[in-house]
Amino acid sequence: MNSAGIDILVRHPVRRRRLTLDQYHRLGEAGILGEDDRVELLDGQLVDMSPIGPRHALAVDALNELLGVAVAGRAAIRVQNPIEIDRGTEPNPDIAVVRRPWRGYPRTHPRPEDVLLLVEVADSSLETDRGAKLELYARSGIREFWIVDLRTDGVDVYRGPSGDAYASTVRVGSSGLLDIEALPGIAIPAASLFA
């Protein structure tokens with residue numbers, strides 16, 4: 001659909017059909033959605049994911065390496081793999097730190113109670129990450145969420161989910177240290193994410 005068509009739907013709200021997680025998975029099984037389709041299911045709607053640029057990829061790689069070493073034996077790192085939030089939401093965060101093993105393993109993706117930390121690396125996706133994703137993550141009880149802001153070289157750390165928001169928000173600059181509340185003793189330098 002072109003942008004003019006989307007504008008019409010925004011100006012003139014129409015009833016929309018929301019997908020369930022089962023329907024979303026069946027789209028993949030039927031070959032309608034393939035492995036190369038960069039979409040995720042957010043609140044029952046298929047949402048295009050932004051392309052991954054070189055700087056974004058480097059930040060994800062750095063997080064994977066630093067967190068992998070830091071949480072070894074205490075938790076698992078998942079890179080750009082699904083998290084099952086509810087029956088209509090299955091995002092693919094850039095990084096998920098999950099307890100090992102998570103409930104339902106290996107039959108299901110980790111769920112909010114299994115997640116110690118979610119991280120989104122944001123440049124072109126910043127508005128979605130600070131908007132829809134933040135609200136969905138808070139509402140589902142994700143205990144800690146970081147947004148690595150490549151536009152300003154800082155990390156927004158959200159803790160204490162409460163309704164559709166987080167009770168605590170702290171901005172960590174590139175010279176600061178990032179710690180994971182659920183895993184005491186871990187600290188990684190924010191500067192490593194902004195090479």
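Where does Ser125 lie? Ser125 is found in the loop between β5 and α4. This is a predicted model, in which local features need pLDDT of at least 70 and side-chain atom pairs count only at pLDDT 80 or more, while totals for chains, interfaces and linings use all residues. Residues are numbered from 1 along each chain as its sequence is written, and side-chain values use heavy atoms, with hydrogens and water left out.

**Overall picture**

The protein has 4 helices and 10 strands. Helices (H or I, at least four residues) and strands (E, at least two) are DSSP runs, numbered from the N terminus. Along the sequence their pattern is α-α-β-β-α-β-β-β-α-β-β-β-β-β. The radius of gyration is 17 Å, close to the 16 Å that the globule rule gives for 195 residues, so the protein is as compact as a globular protein of that length. That radius is taken over C-alpha atoms, and the globule rule is 2.2 Å times the number of residues to the power 0.38. The C-alpha trace spans about 50 × 40 × 35 Å along its principal axes.

**The sheet**

An open sheet with mixed pairing is formed by 6 strands in the order β3-β4-β5-β6-β7-β8. Its edge strands, β3 (76–79) and β8, each pair on one side only. Two strands pair if DSSP finds at least two bridges between them.

| Strands | Sense | Bridges |
|---|---|---|
| β5 (residues 115–122) and β6 | parallel | 5 bridges |
| β6 (residues 144–149) and β7 (residues 154–162) | antiparallel | 6 bridges |
| β7 and β8 (residues 165–173) | antiparallel | 8 bridges |

Ile147 in β6 stands opposite Glu120, and Ile147 also stands opposite Asp156 in β7. The hairpin of β6 and β7 has 4 residues between the strands, and Asp153 in its turn has a positive phi of about 55°. The hairpin of β7 and β8 has 2 residues between the strands, and Gly163 in that turn has a positive phi of about 65°. Gly154 has Gly173 in β8 as its bridge partner.

Contact means heavy atoms within 4.5 Å.

Is Ser125 buried or exposed? Ser125 counts as buried because its relative accessibility is 14%. Buried means under 20% relative accessible area, exposed over 50%, and partly exposed in between (1.4 Å probe, protein chains only). Asp114, in the loop between β4 (95–98) and β5, is buried with a relative accessible area of 0%. Leaving aside neighbours within four places in sequence, Asp114 is in contact with Val97, Val98, Arg99, Trp102 and Arg103.

**Nonpolar cores**

A nonpolar core is a set of buried Ala, Val, Leu, Ile, Met, Phe, Trp, Tyr and Cys residues joined through side-chain atoms within 4.5 Å. The largest one has 27 residues, of which Leu63, Val97, Trp146, Val148, Val155 and Leu178 touch the most other members. Helix α3 (54–71), β4, β5, β6 and β7 each supply at least two residues of this core. The most comes from α3, with 6 residues. A second, separate core of 18 residues includes Ala76, Ile85, Val98 and Ile142.
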